[in-house]
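Please open the model in a viewer and keep the selection panel at hand. The stops below are given in the order in which they may be selected.

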Amino acid sequence: MRMRMRMRRRAGDYSGVVKSESSGQVSMDFLLAISIFAFGIVILISEIPMLFAPLQTVATDIQPVAYRTSMILVEDGGIYEKNGSITSRWEDLIAQRRSYNEVKRIGLAMPAPAWSSSEDVVPNNLSRCKIDALQDWWNDTANQSKIRDKLGLFVTYNGNHLDYRYNITLEAFNGSPIWNSTSNSPLLQIGDSIPVSGVTVEKIERIVAIDNSTNLANCTKIGDVECAAKLVVCIWR
Amino acid sequence: MKMNKKGQMHTIEALLALMLIIGVVAFAARSAPGETQVEGSMDTQLALYGNDFLSILDMEQSDHTSWLYHQVNGTVNGSNWNGAANITREWQNTTLNGSGVFCKVEIVNFTQAGQINVLNSSSAYGEPPQNAVTVTKLVTLVNPHVEVYEVRLTLWCV
């Protein structure tokens, strides 16, 4: 009898089989197992970013580097140091001696006027002389690689050399470059071309004033400031 | 009626299963990161926009006043002077609202009990959402007593 039934099942004939009511139902054992498995998967997925975070210091630090670069450009006047004497007027000294090595840090904030309550520089107010000096430095192809070092974009971390790429531009609020009509070129446009794909590019925009708007196009007047624009800093590796 | 004893999913079992499934879903939802990296970057960018904008408006003149100083002074001491609306108009000059960055401006001072007292407000783009970023700038008037006011700029991105 059993032999005959097995043969009928193999042939696809289930007419003589009485189905149990428990077949096809989800059992509690299965539910418990799948719940525990789901909990495990969720915990694993939520922990994965933290597991790899210590190994990803290079990839996760692009935004702070972009932030830092924008800070030193907008809120610092730079440092020129020679024989123990320090000044923020690096643009005058490299114009006189073309001595880029003595520039310790590049900053674009203008020196504070004598009547100002600011101590050294006026944050957010960029010096036209410093901007021109930086653009001239970039145009000097023999020395343009030094800009990366002076902006702190070539550092050594745990014995590894980290070389950041950058693109720094002064733009109008509509995205077009602030135009220098005297040289018939963008006022400040330095660095590499921004890659279209394949890397993470971190972008920081700062609203800045330019202290001398003579022969500049695309400026915007804000408050008492005749020429306001955006300093756009892009960093990637 | 025949009693079924073979692991059928009856009412209590179904409720237990439902609780388990809801528990897993709730745990997964809570475990998901609350903010993505992009949103974090946007908060930083909004704070920078706000601080830079107020710094430019508060740029010191040779008489030690600023454009922002005059707006607060006009609002506090002038008649029908709407400093908050004037600041909003300067924000519109940046055209950043065209990129979806909107603002609300308030000029406030503080009561002796330490509560915020809004003197003048301009919200041309409606009320800010909960994830808006607020930056502030203190403006000191000597009138003839020293009075400290705060310009609050709330920015959000849509």
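The tour passes from the contact between the chains to a helix and then to the core.

This is a predicted model, in which local features need pLDDT of at least 70 and side-chain atom pairs count only at pLDDT 80 or more, while totals for chains, interfaces and linings use all residues. Residues are numbered from 1 along each chain as its sequence is written, and chains are lettered from A and ligands numbered from 1 in the order in which they are written.

Select both chains: 36 residues of chain A are in contact with 33 residues of chain B (contact: C-beta atoms, placed from the backbone, within 7 Å). On the chain A side, helix 2 (28-52) gives the most, with seven residues (helices, H or I, of at least four residues and strands, E, of at least two are DSSP runs, numbered from the N terminus).

Next, select helix 4 (62-75) of chain A, which also gives two or more residues to that side. Its buried residues are A:Val65, A:Ala66, A:Thr69, A:Ser70, A:Leu73 and A:Val74 (buried: 20 or more other C-beta atoms within 10 Å of the residue's own). Seen down the axis of helix 4, these fall within an arc of 155 degrees, so they line one face (the arc is that of the directions from the axis to the C-beta atoms). They pack against strands 4, 5, 8, 12 and 15 of chain A.

Finally, select A:Ala209 and B:Ile56, which touch the most other members of the largest nonpolar core, of 70 residues (buried Ala, Val, Leu, Ile, Met, Phe, Trp, Tyr and Cys joined through C-beta atoms within 7 Å). Strand 15 (225-236) of chain A gives the most to this core, with nine residues. Among the residues that A:Ala209 touches are A:Val225, A:Cys227, B:Ile56 and B:Met59.

Definitions and conventions
A residue is buried if 20 or more other C-beta atoms lie within 10 Å of its own, exposed if 12 or fewer, and partly exposed in between; C-beta atoms are placed from the backbone. Two residues are in contact if their C-beta atoms, placed from the backbone, lie within 7 Å. Lists of a residue's contacts leave out its neighbours within four places in sequence.
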